[in-house]
Each structure stands twice: as structure tokens, then as C-alpha cells.
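Subject: Structure handover

Hello,

Here is the structure I said I would pass on. My notes on it follow below the entry.

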Amino acid sequence: MLYLYMKNGILTAATYVQKGGVGKTTTAAHVAVAAAQNHDLNTLLIDLAGTQNDLATHFGISIDEESIDAPISAVFGDQWELIRNGIDNVVERMTFDTGEGPVLIPADPGLGAADNNLANVPREERYDRLADFIAEDLAATYDFVLVDLPGKEDNIAISGLYAVEDVIAPLRPGAFERNQLENLEADLQEIRDAYPVDPRLAMVLPTMIDRRTTQSSEFVADIREAYPDIAGLQVVSTQNIGDYQEAGSTLFAVDDDELYSTGQEALDAYSTATDQLLQTLRQ
Ligand SMILES: Nc1ncnc2c1ncn2[C@@H]1O[C@H](COP(=O)(O)OP(=O)(O)OP(=O)(O)O)[C@@H](O)[C@H]1O
Ligand SMILES: [Mg+2]
């Protein structure tokens with residue numbers, strides 16, 4: 001019943017690739033803002049990608065242990081039912097306003113221990129906890145939940161893939177780029193074989209593309225050929241992304257005339273990619 005409601009009533013996805021520095025967090029932030037601003041979706045970002053709190057930083061939110069009232073790691077703990085039933089508005093107390101539309105549940109220092117503790121939970125219920133949280137505590141409030149996952153195969157990442165199923169995989173050109181598509185497929189297949197989880201690719205997004213290099217153009221062409229239906233428009237490489245990230249915002253918060261042409265192009269690509277992604281998720 002809850003599961004059906006969740007599938008019908010809420011859109012969910014995760015940024016996930018077993019590779020660092022490909023644009024997972026940047027993509028999560030920009031897609032979430034585009035969904036909130038351009039599609040009027042009540043959007044929630046959840047940062048499960050380690051404890052360094054990159055999404056909070058991206059939105060200029062400073063997090064210390066004291067500012068976290070109810071940590072996301074608690075959802076994975078054995079005491080969660082008690083906590084949830086004992087604290088009023090527990091979800092509200094977990095969330096922070098990004099100032100750009102979406103709200104954020106930041107990472108917290110307990111995620112590492114939560115990952116370890118999950119290993120002691122019986123396998124048949126090990127991966128249910130985030131899925132239950134989304135269905136029971138988020139589905140009534142939010143239209144779209146986007147999770148930034150760790151770039152590895154730990155219990156938190158598997159829980160995330162179990163809960164949302166649809167994967168956005170950003171990939172950037174670089175050394176071994178020709179193997180990246182094969183690795184992406186192989187990693188997902190390995191997960192399907194090893195866990196009761198069935199991740200689906202909803203979008204493969206070429207990021208940090210420099211159109212002046214043949215390496216970049218070939219990379220984009222390879223992705224389009226391999227994934228004609230779910231390849232996202234290329235996000236070009238632009239200084240603006242890192243600069244505004246450091247200043248605490250996405251490109252969506254910047255006046256158009258302040259962006260470089262590459263910044264404007266990246267912004268448009270994220271808007272178009274989000275239109276396309278939401279179409280896929282609604283199917
Ligand atoms: N389109 C872009 N142009 C230029 N720089 C970019 C672009 N997208 C992301 N970056 C930069 O690349 C770096 C890596 O991006 P990001 O943090 O989103 O990747 P990630 O996959 O989440 O990394 P990690 O595996 O460390 O979590 C960041 O410094 C970010 O500012
Ligand atoms: Mg990241």
C-alpha cells in the first residue's frame with residue numbers, strides 16, 4: 001500500500017556512479033533547483049554522499065554538529081521508530097532551506113557508523129530503512145526526492161538504490177573515458193547480482209565537456225550512441241560552476257548577465273536535462 005503510494009505519488013532518483021569527481025553533487029544540486037523552479041515540484045535533496053557535506057556547502061549552508069537537530073543517519077539506526085514517534089515534526093527538523101527552491105537534508109557525522117551498523121541488520125530488512133522513510137515520512141510532503149549517493153558500494157549506497165531505483169549517472173571525459181560506459185553497466189549489473197536491488201539508468205549526463213577537444217566530442221558521441229533515449233544534453237565545463245559553488249549557490253541563482261557564455265550554456269543544459277529526466281521518471 002505504502003509502496004504503491006510512493007511509486008505513484010512521488011518521483012525519486014539518485015546521482016550514482018562508482019567514480020569520484022564526475023559531477024554527481026553538482027548535478028544533484030542543479031537538477032533539484034531546476035525541478036523546483038521550472039516544474040514547481042516540492043523538491044527534497046538528501047545528502048548521503050559521505051560526511052563532508054558538499055551539498056550544504058554548495059548552497060552556502062554551514063553545518064556543524066550542533067546545527068543538526070535530527071540527523072539523517074538516525075533513519076538507518078535501530079532506534080529510528082522510537083525517535084520518529086517521540087519527536088514532533090521530525091522531518092521538518094531534519095531539513096534546511098537552500099534558498100533556491102529545494103530543501104536539503106544534509107549529511108551528518110553518523111553516516112559512517114550507520115553504514116557499519118547496517119551490516120548487523122538481517123539481510124532481508126537491511127536495505128528497507130530509507131525506502132520506508134521516503135514512503136512513510138516524505139511522500140505526503142514532497143513531489144520529488146533526489147539523493148546524492150556515495151560513489152561506492154556500501155550499505156548506504158545500496159539502501160539508496162533500493163529506495164529510489166532510478167539513477168542519474170554523470171560522466172566526465174578523462175583518462176580511460178572509453179571504459180566508463182562499460183564500467184557503469186558492469187557496476188550496476190554487479191549490484192543487481194549481489195543485492196536485492198534493481199537500479200535503472202534514468203539519465204547518463206556528459207559533464208565538464210570542452211567542445212574544443214576531440215576527446216570531449218567523441219565522449220559525448222559515445223554516450224549518445226550507447227544511450228540514445230536517456231543521454232542528457234552535454235554540460236560544458238565552466239569556471240562559473242566552481243566559483244558560484246564556493247560562493248554558495250547554483251548557476252540558477254545568478255543573474256543571466258553575470259554568467260559567462262559557458263555558464264549560461266551549462267545552466268541551460270541542466271534545465272533541459274531536468275525536463276528530460278522528469279519525463280523519464282514519470283513514465
Ligand atoms: N560543468 C562543470 N564545469 C567545471 N567544473 C565543474 C563542472 N561540474 C562540476 N565541476 C567541478 O568539478 C568538481 C567535482 O564535481 P562534483 O563535486 O559535483 O563531483 P562528485 O562526483 O560529486 O565528486 P565526489 O566523488 O568527490 O563526491 C567540483 O570541484 C565542481 O566544482
Ligand atoms: Mg559529490
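Leu111, Ala114, Asp115 and Leu118 of helix α6 meet Asn155, Ile156 and Ser159 of helix α9. This is a predicted model, and what follows was computed from it. Helix α6 covers residues 111-118 and helix α9 covers residues 155-164; their axes lie 8 Å apart and the helices pack at an angle of about 80 degrees. Angles of 65 to 115 degrees count as roughly perpendicular, and α6 and α9 are therefore described that way.

A second pair of helices is α2 with α13 (residues 261-282), whose axes cross at roughly 75 degrees and come within 9 Å. α2 and α13 are therefore also roughly perpendicular to each other. On the α2 side, the contact is made by Thr26, Thr27, His30, Val31, Ala34, Ala35, Asn38 and His39. On the α13 side, the residues are Tyr270, Ser271, Thr274, Asp275, Leu277 and Leu278.

One residue of that contact can be followed further. Thr26 sits in helix α2, which runs over residues 24-39. Is Thr26 buried or exposed? Its relative accessibility is 14%, and buried means under 20%, so Thr26 counts as buried. Apart from neighbours within four places in sequence, Thr26 is in contact with His58, Ile241, Gln245 and Tyr270. With Gln245 there is a polar contact, side chain to side chain, at 2.8 Å.

Thr238 is another buried threonine, at 11% relative accessibility. Thr238 is placed in the loop between α11 and α12 (239-247). Setting aside neighbours within four places in sequence, the residues in contact with Thr238 are Tyr260, Thr262, Gly263 and Ala266.

That leaves helix α11 itself. α11 has 13 residues (residues 214-226), and at 1.5 Å a residue the helix should span 18 Å. The C-alpha atoms at its ends are 18 Å apart, in agreement with that value. Which residues of α11 are buried? They are Ser216, Phe219, Val220 and Ile223. Viewed down the axis of α11, these buried residues fall within an arc of 95 degrees, so they line one face of the helix. Thr214 and Glu225, on the other side of α11, are exposed.

Regards

Key
Residues are numbered from 1 along each chain as its sequence is written. Chains are lettered from A and ligands numbered from 1 in the order in which they are written. This is a predicted model: local features need pLDDT of at least 70, side-chain atom pairs count only at pLDDT 80 or more; totals for chains, interfaces and linings use all residues. Side-chain values use heavy atoms; hydrogens and water are left out. Helices (H or I, at least four residues) and strands (E, at least two) are DSSP runs, numbered from the N terminus. The expected span of a helix is 1.5 Å times one less than its number of residues. Buried means under 20% relative accessible area, exposed over 50%, partly exposed in between (1.4 Å probe, protein chains only). The arc is that of the directions from the helix axis to the C-beta atoms. A polar contact is a pair of N or O atoms within 3.5 Å; within protein, one must be able to donate a hydrogen and the other to accept it, and residues adjacent in sequence count only if both atoms are side-chain atoms. Contact means heavy atoms within 4.5 Å. Axes are lines fitted to C-alpha atoms, for helices over the stretch in contact, and angles run from 0 to 180 degrees between N-to-C directions. Angles under 35 degrees count as roughly parallel, over 145 as roughly antiparallel, 65 to 115 as roughly perpendicular and the rest as oblique.
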